[in-house]
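Please look over the sequence and the structure before reading on.

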Amino acid sequence: MPRADLQQIFLESASEVLESMFFAGLSEGEDCPQGSGALLSTKLTFHGNPSGRFGIQTAHSTGLVIAASFLGLDETEVTEAQVAEVVCELTNMICGSVLSRVEAGARFELVQPKIASENTDWRQYDQAVGSTFGLEDGTLTLWMTFEENKPALVAQCQVPLYSQTKADCTTLC
């Protein structure tokens with residue numbers, strides 16, 4: 001998929017999720033206020049056709065504003081655990097939206113998002129595509145990389161080893 005197409009999908013998906021679930025709008029561009037504090041990075045792995053990784057990076061202060069908005073709380077009431085959980089859920093929601101646009105009708109398994117302790121720059125990943133969008137209180141960077149060589153999910157089934165004839169091996173999963 002061309003980089004420009006994926007970046008447009010990021011914009012559409014992030015706008016949809018942020019507006020409907022977090023009551024926040026976004027604008028394209030890296031010249032927006034950066035927010036303050038340490039970077040908060042999340043990532044998840046997804047399996048399907050294609051498989052890959054997806055992640056979000058934002059300043060901690062921006063994550064706090066997003067969490068407070070999502071939870072309907074004042075920023076002073078939001079715990080660190082809630083900030084992490086909400087940013088992970090945001091990662092899950094936006095990734096699902098992106099994948100539904102990338103491969104409509106396909107099935108994907110999204111592994112639970114995690115806070116990435118290393119805060120690695122997404123550009124280190126081979127063939128990664130990313131976009132940074134402005135929010136009122138900072139920026140949000142989305143990135144994705146596809147692992148073209150990984151096979152799609154394969155259903156597994158067990159056939160009893162005691163089957164002696166071909167007729168015994170017709171068990172369907």
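Is F22 buried or exposed? F22 is buried, with a relative accessible area of 1%, where buried means under 20%, exposed over 50% and partly exposed in between, with a 1.4 Å probe and protein chains only.

## Basis of the model

This is a predicted model, in which local features need pLDDT of at least 70 and side-chain atom pairs count only at pLDDT 80 or more, while totals for chains, interfaces and linings use all residues. Residues are numbered from 1 along each chain as its sequence is written, and side-chain values use heavy atoms, leaving out hydrogens and water.

## Aromatic pairs

Rings of Phe, Tyr and Trp (its six-membered ring) pair if their centres lie within 6.5 Å, and planes under 30 degrees apart count as stacked, over 60 as edge-to-face and the rest as tilted. By this rule there are 5 aromatic pairs. The rings of F22 and F70 have centres 4.7 Å apart and planes at 25°, so this pair is stacked.

F46 and F146 form an edge-to-face pair, 6.2 Å centre to centre with 80° between the planes. Both F46 and F146 are buried, and together with F108 they form one aromatic cluster.

## Helix packing

Helices α2 (residues 60-71) and α3 (residues 80-102) pack at about 85°, with axes 9 Å apart; here helices (H or I, at least four residues) are DSSP runs, numbered from the N terminus, and axes are lines fitted to C-alpha atoms over the stretch in contact, with angles running from 0 to 180 degrees between N-to-C directions.

Conventions:
Helix = DSSP H or I, 4+ residues; strand = E, 2+ residues; numbered from the N terminus.
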